[in-house]
Amino acid sequence: MFFAPMFMRALSVATVCSALFGPAHAADPKPDAAVKTKSIEARMFLDDRIKADTALVADCVAEGKKWLNKNAAEAAAARKADPQFFKDGGWDFERKYSVRSVVADRYVSVLRNDYMNTRGAHPNSDVNTILWDKADNKRISIRPLFTDTADNGATMKAMVKAVIASLRTEKTKRGAGETATDEWFKELKPSLLKIGAVTLAPSTEAGKSSGLTFHYPPYAVGPYAEGEYVAFVPWETLKPYLTAEGARIFGGARPKGDAEEP
């Protein structure tokens with residue numbers, strides 16, 4: 001039956017969320033920023049590779065503190081409006097920034113994972129990404145790597161087609177083929193703003209990227225019980241659309257260990 005595996009996957013998702021983002025303990029690393037009130041405990045962490053880049057640290061901390069303060073204000077307002085929902089404790093939020101890849105000693109892909117527990121039926125999580133240009137010390141998009149990234153253009157149509165094919169394959173591997181339907185993929189559009197959070201995948205070839213990985217939180221392309229999805233698009237699929245810079249940084253294959261991660 002389909003529902004039993006889905007229940008077990010839901011339990012697994014909740015367990016993983018708890019393991020990755022559960023309340024901080026004495027042995028845990030010290031947060032890089034935190035807020036603690038009667039309404040919320042919220043923390044932000046940077047991994048060591050981010051901490052090696054002063055400009056990237058400043059960027060992430062500035063963004064993270066805004067997120068902490070925004071959620072603290074929302075928690076305070078919620079507690080004031082409905083104090084009965086805080087009888088078992090305040091909200092628990094956590095954000096983690098981690099480096100996924102460094103390509104050509106210039107392009108740093110960062111994963112931003114969020115955990116949110118507002119004392120509802122279950123905690124929620126989100127994932128987003130940052131592409132950091134070490135040469136210019138700023139966030140960029142993948143646009144400079146492709147000749148054309150216009151909405152509904154050839155590049156974006158090829159990209160979204162490959163993303164959906166990858167997701168269908170992953171769902172089949174997980175035994176979730178019942179949700180590998182157009183209905184679950186309808187929000188994915190041939191547009192950089194609507195295709196999903198993207199990173200440069202690591203490669204078996206030093207200094208190169210093997211392609212693009214797109215990261216989707218629970219609910220984005222499947223039920224909560226299925227958890228997070230990662231779609232991989234090999235660089236060869238997008239080779240006809242690469243700029244000179246794109247051709248320079250892409251190469252090799254996706255490492256086996258990377259493909260086995262969520």
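Predicted model: local features only at pLDDT ≥ 70, side-chain atom pairs only at ≥ 80, totals over all residues.
Phe214 touches Met159, Val163, Ile195, Gly196, Ala197, Val198, Tyr229, Val230, Ala231 and Val233, leaving aside residues up to four places away in sequence; contact here is heavy atoms within 4.5 Å. Residues are numbered from 1 along each chain as its sequence is written, and side-chain values use heavy atoms, with hydrogens and water left out.

Phe214 and Leu212 touch the most other members of the largest nonpolar core, which has 32 residues. Such a core is a set of buried Ala, Val, Leu, Ile, Met, Phe, Trp, Tyr and Cys residues joined through side-chain atoms within 4.5 Å, where buried means under 20% relative accessible area with a 1.4 Å probe, protein chains only. Two or more residues each come from helix H4 (154-173) and strands E7 (197-201), E8 (211-216) and E9 (229-234); helices (H or I, at least four residues) and strands (E, at least two) are DSSP runs, numbered from the N terminus. H4 gives the largest share, 7 residues.

Strand E8 is largely enclosed by the rest of the structure, because 6 of its 6 residues are buried. E7 and E8 run antiparallel and are joined by 5 bridges, with Thr199 partnered by Thr213. E8 also pairs with E9 in the antiparallel sense, over 6 bridges, and here Phe214 has Ala231 as its bridge partner; pairing requires at least two DSSP bridges between two strands.

Note on methods: Buried < 20%, exposed > 50% of the residue type's maximum accessible area, 1.4 Å probe, protein only.
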